[in-house]
Amino acid sequence: MKRDLIKDVLAATGRDIPVTVAGWVRTRRDSKGGFSFIELNDGSSFGNIQVIADEKLPNYESEIARLFPGGSVVVKGTLVASQGSGQRVEVVADEVRVLGFCEPNDYPLQKQRVSFERLREIAHLRPRTNTFGAVLRVRNALAWATHRFFQERQFYYVHTPIITASDCEGAGEMFQVTTLDLDQLPMRDGAVDFAEDFFGKPAGLTVSGQLEGETYACALGNIYTFGPTFRAENSNTRRHLAEFWMIEPEMAFADLQDDADLAEDYLRYLFTYVLENCVEDLAFFNQRIEKTLLETLTRLATSTFKRITYTEAVDLLKKAPVTFEFPVGWGTDLQSEHERYLTEEVFKCPVTVINYPREIKAFYMRLNDDEKTVAAMDVLLPQVGEIIGGSQREDRHDLLMQRIVDNGLNPEDYWWYLDLRRFGGVPHAGFGLGFERIVQFCTGMHNIRDVIPFPRTPKNASF
RNA sequence: UCCGGCGUAGCUCAAUGGUAGAGCGGGUGGCUGUUAACCACUAGGUCGUAGGUUCGAGCCCUACCGCCGGAGCCA
């Protein structure tokens, strides 16, 4: 069907021109002047087009008067300057063809406030609301901006595997993937015989593409992944999903400072991009969801993020004139309340914390010269918390081997990962960014379940 | 998984242990270039589930289910 996007119609400068728009009715108001106002939305923009449907239209009584929120129509008409005050233009209909009626008694989205909790139960209809339409458009813009950012900098997009049978990812609980009959498991010596399974050994859904990403960075220079990630943690918070999307760049010939620079450049790029390309949607979020959103994004788009070492962070927290629920001490991980204090109270901006104690970080992070800390970094955002976790990777074969052993891991499981250090190893670094968390931050949406179309969380995989 | 809160009309929420209510949405009528429209009338309920206490439970107790917030784990 040839149609005009409502976004383009609303922005059109011409008048008295023929247009065809198609979409879903948001609301209908009747005038006793002998016509109805129909507000139509097709998802192309936040705003609706107002359609004037005269009672002289042949299907006015039989169909147009029966249009309620949710009904779908195609309207052929003329774009004119609006006589009313709420909108610049409107469409005077020559024809309103109803594609699908929508019974108001059954349709859950009426002209009323519906809670986000309720909308999660009707996730197939919630994209028709103002909020979720805006979320999707911002999410789309952030995805597009991500590819643009890395492509402009000559990073290659690498597709790392979703299913992985390597036992060595180590980040969080894995979902198991199997074709075995769970009611009749093949047993051998008292244990499940995975030789019978599809891959001949236990397999799971990826919890990170990093290790595979490193192999491509150590051949092609700079790469990034952008794909689904799965964590079978029983996490019930507003910042966790069991299935989420993660962006993981990896740079060869790079150290931790390069890594932190990239992370900050990337975040600023995203903020700038949505500010320039999602004006209407962000204005809505700023008005209805988070009053400081535009001010915050605008400030951060050009700001330098605070960068401090873990040791400095601990000193700051020890001197803090507030009492924390959890004690602060060098050698323990920073608690949420500590991170929030740093970003929201001390610096009031994103904070990159670097050089954590080796004991609390992953085995693959590069040991610093002090031999007490590793070249790790976390980027913390106000409200959202940890959005990026990254590091310079341990590129010295013997030290990596030692770290693997010290962590109680089996070096044989990491033979190919160790090979990268045997054959022309180079310093390299990268990070992982939780895509939904950046969507949360850029929309001000409070719950991560409302920034992904169909959230998967413990006890919930509907739709 | 732990701590706290919540579950009542299609939706958002009220209701000292004593006859279940309002607003929005729907229907009918009125009014209007309207725009969260407005005014009047009207229909609409197994109070999350299962037990228990009580003369009597939406309200008190127990268990379970689900949702929300915080924590942990992390992105």
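**Notes on a predicted model: cysteines, cores, rings and a sheet**

1. C442 has a relative accessibility of 0% and therefore counts as buried. The coordinates discussed here belong to a predicted model, and these notes should be read with that in mind. The cysteine sulfur closest to that of C442 belongs to C278 and lies 8.7 Å away, which is too far for a bond.

2. A disulfide is a covalent bond between the sulfur atoms of two cysteines.

3. In soluble globular proteins, nonpolar side chains tend to be buried together. In this model the largest nonpolar core has 60 residues, and those with the most contacts inside it include L142, F271, V274 and L433. Helix α5, which covers residues 256–277, gives the most to this core, with 11 residues. There is also a second, separate core of 28 residues, and I308, L317, A320 and Y414 are among its members.

4. When residues up to four places away in sequence are not counted, L433 touches W245, M246, I247, Y266, L267, I387, I388 and I438.

5. F149 lies in helix α3, which runs over residues 130–152, and with a relative accessibility of 0% this phenylalanine counts as buried. Which residues is F149 in contact with, once its neighbours within four places in sequence are left aside? They are L262, D265, Y266 and Y269. Of these, Y266 is 117 residues apart from F149 in sequence, yet the two C-alpha atoms are 6.9 Å apart in space.

6. The aromatic rings deserve a point of their own. A search of the whole structure finds 24 aromatic pairs. In one of them, F35 and F37, the ring centres are 5.3 Å apart and the planes stand at 80°, so the pair is edge-to-face. F35 is partly exposed, because its relative accessibility is 23%, and F37, with a relative accessible area of 23%, is partly exposed as well. The rings of F363 and Y364 also form an edge-to-face pair, because their planes are at 75° and their centres 5.4 Å apart, but here both F363 and Y364 are buried. Ring pairs also link F149, F150, F155, Y157, Y224, Y266, Y269 and F431 into a cluster.

7. The strands can be traced through an open sheet of 8 strands, with mixed pairing and the order β6-β12-β13-β18-β17-β16-β15-β14. Which strands stand at the edges of the sheet? They are β6 (156–157) and β14 (306–309), and because each has a single partner strand, one side of each is left without a neighbour in the sheet. Within the sheet, strand β15 (residues 351–357) runs antiparallel to strand β16 (residues 373–381), and 6 bridges join the two.

Key. Residues are numbered from 1 along each chain as its sequence is written. Chains are lettered from A and ligands numbered from 1 in the order in which they are written. This is a predicted model: local features need pLDDT of at least 70, side-chain atom pairs count only at pLDDT 80 or more; totals for chains, interfaces and linings use all residues. Side-chain values use heavy atoms; hydrogens and water are left out. Helices (H or I, at least four residues) and strands (E, at least two) are DSSP runs, numbered from the N terminus. Buried means under 20% relative accessible area, exposed over 50%, partly exposed in between (1.4 Å probe, protein chains only). Contact means heavy atoms within 4.5 Å. A nonpolar core is a set of buried Ala, Val, Leu, Ile, Met, Phe, Trp, Tyr and Cys residues joined through side-chain atoms within 4.5 Å. Rings of Phe, Tyr and Trp (its six-membered ring) pair if their centres lie within 6.5 Å; planes under 30 degrees apart count as stacked, over 60 as edge-to-face and the rest as tilted. A disulfide is a pair of cysteine sulfur atoms within 2.5 Å. Two strands pair if DSSP finds at least two bridges between them.
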